[in-house]
Amino acid sequence: MKAVRYHSYGGSDVLIYEEADRPVAGEGEVVVLVAGTSYNDADSGLRAGLRQDLLPLAFPHIPGLDLAGVITEVGEGVPDWSVGDTVVALLPADAPGAAAEYVAAPAEALAPAPRTVDLADAAALPLVGLTAWQALFENADLKPGQSILINGAGSAVGGYAVQLAVQTGATVTATAGARSRDRIRSYGADRIVEYAVTPVVQVLAGQHFDVVLQLAPAGPEENARLVDLVADGGAFVSVTTPGPPDTGRGVRTVHVFARSDATQLAELVARVDAGELAIEVAERLPLVDLPAVHARAAGRFARIAELAAQVEGGDLAERLRADQAVVRAPAAAGELVGKTVLIPMSSASDTPRH
Ligand SMILES: NC(=O)c1ccc[n+]([C@@H]2O[C@H](COP(=O)([O-])OP(=O)(O)OC[C@H]3O[C@@H](n4cnc5c(N)ncnc54)[C@H](OP(=O)(O)O)[C@@H]3O)[C@@H](O)[C@H]2O)c1
């Protein structure tokens, strides 16, 4: 089969579209014909080796955390899934990913794919949708009637977070740029702050929210200013760089690391099929373009990595200082904006649309 793989950590130039062995289903696994995967900044972090102390990869490695596709083989000990079922999943980061024609996926990560959107587009849901869900309901413990500021609502995580927070009955203030503001308004946000016009901390100075959800890359000072917008006893929940550990006002600061959860993913899918949750896809590209997608994301990934190193220091900062080339891949024309879905050739025409 064709796959995108890398044989060592490095910049986007380590990614190669090449022939790889087709996987077989082990115990507790299914093999899925991939209809789509999607790009996440976490794919760049893994490729660059920034988390190799926590998540060492076996080479050659196939990237791609998000999966949508059709089951073609069912392994031992998988009673609930059959050949032909359409599924979505957030795959384990240290196993071969979905940037391939086929992938072996743990059955415990699978949820039924939505029936109301193109199957490949469903690959835009798992990681970012689960991140939004876990940040709002596990970490922030958002309740009806509460107020929430979602900083970076124009991001893929943010689109889902705004829709879920509105459905919960929260009052939602969202920061968005010109590209995203109309879409975020259409999701029902009560107030939009155009962050590129006036800094959000200036526009909202003196106001307080039960929850501030940080989805934009930020340094320690900016996070500290956003924490000032949290009401006493509220929560600052960041999916990017962590906030200060002790605010002195009973404000909880939480750093989110999204994880696979098939039950939550199935709930997200049910909302998609009920017409309550829109999946936003900015670009659909053939899988062979994945190296170019990583190259186009290099600028924003370098910013994220630098801010993470500033806040976390330690091994991550050392690694970034030692090898800037790894995150500063050659600048590529057309920076990546919005969610990008990658479609293998074998699925471009012959997989079901749902
Ligand atoms: N911790 C985890 O488990 C986890 C999981 C997934 C993602 N993440 C992280 O979460 C962040 C969002 O991920 P994503 O994939 O959803 O990103 P994305 O779709 O690429 O988000 C980019 C968008 O974020 C908005 N943005 C950027 N800087 C901003 C700022 N300073 N203020 C307000 N908005 C800003 C912009 O929206 P406009 O179009 O409105 O300008 C931009 O288009 C990334 O940093 C990613 O690494 C973390």
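This is a predicted model: local features need pLDDT of at least 70, side-chain atom pairs count only at pLDDT 80 or more; totals for chains, interfaces and linings use all residues.

Reader: OK, so which residues of H2 are buried?
Author: Pro-126, Leu-127, Val-128, Gly-129, Leu-130, Thr-131, Ala-132, Trp-133, Ala-135, Leu-136 and Asn-139. That's 11 of the 14 residues in helix H2 (residues 126-139), so the helix is largely enclosed by the rest of the structure.

Reader: And what follows H2?
Author: Asp-141, with a positive phi near 55°.

Reader: Switching to H7. Which residues are buried there?
Author: Ala-262, Gln-264, Leu-265, Leu-268, Val-269 and Val-272. They sit on the same side of H7, because they cover an arc of only 160° around the axis.

Reader: What covers them?
Author: The cover includes H2, along with strands E5 (86-90) and E7 (110-112).

Reader: Now strands. Which way do the residues of E15 point?
Author: In E15 (residues 340-343), Thr-340 and Leu-342 go one way, Val-341 and Ile-343 the other, and all are buried. Side chains in a regular strand alternate between the two faces of the sheet.

Reader: Is the pairing of E14 with E15 parallel or antiparallel?
Author: Parallel, over four bridges, with E14 covering residues 283-286. Pro-286 stands opposite Ile-343.

Reader: How about E3 and E15, how many bridges?
Author: Two, and E3 (residues 29-38) runs antiparallel to E15. There, Thr-37 stands opposite Leu-342.

Conventions: Residues are numbered from 1 along each chain as its sequence is written. A residue is buried if 20 or more other C-beta atoms lie within 10 Å of its own, exposed if 12 or fewer, and partly exposed in between; C-beta atoms are placed from the backbone. Two strands pair if DSSP finds at least two bridges between them. The arc is that of the directions from the helix axis to the C-beta atoms. Two residues are in contact if their C-beta atoms, placed from the backbone, lie within 7 Å.
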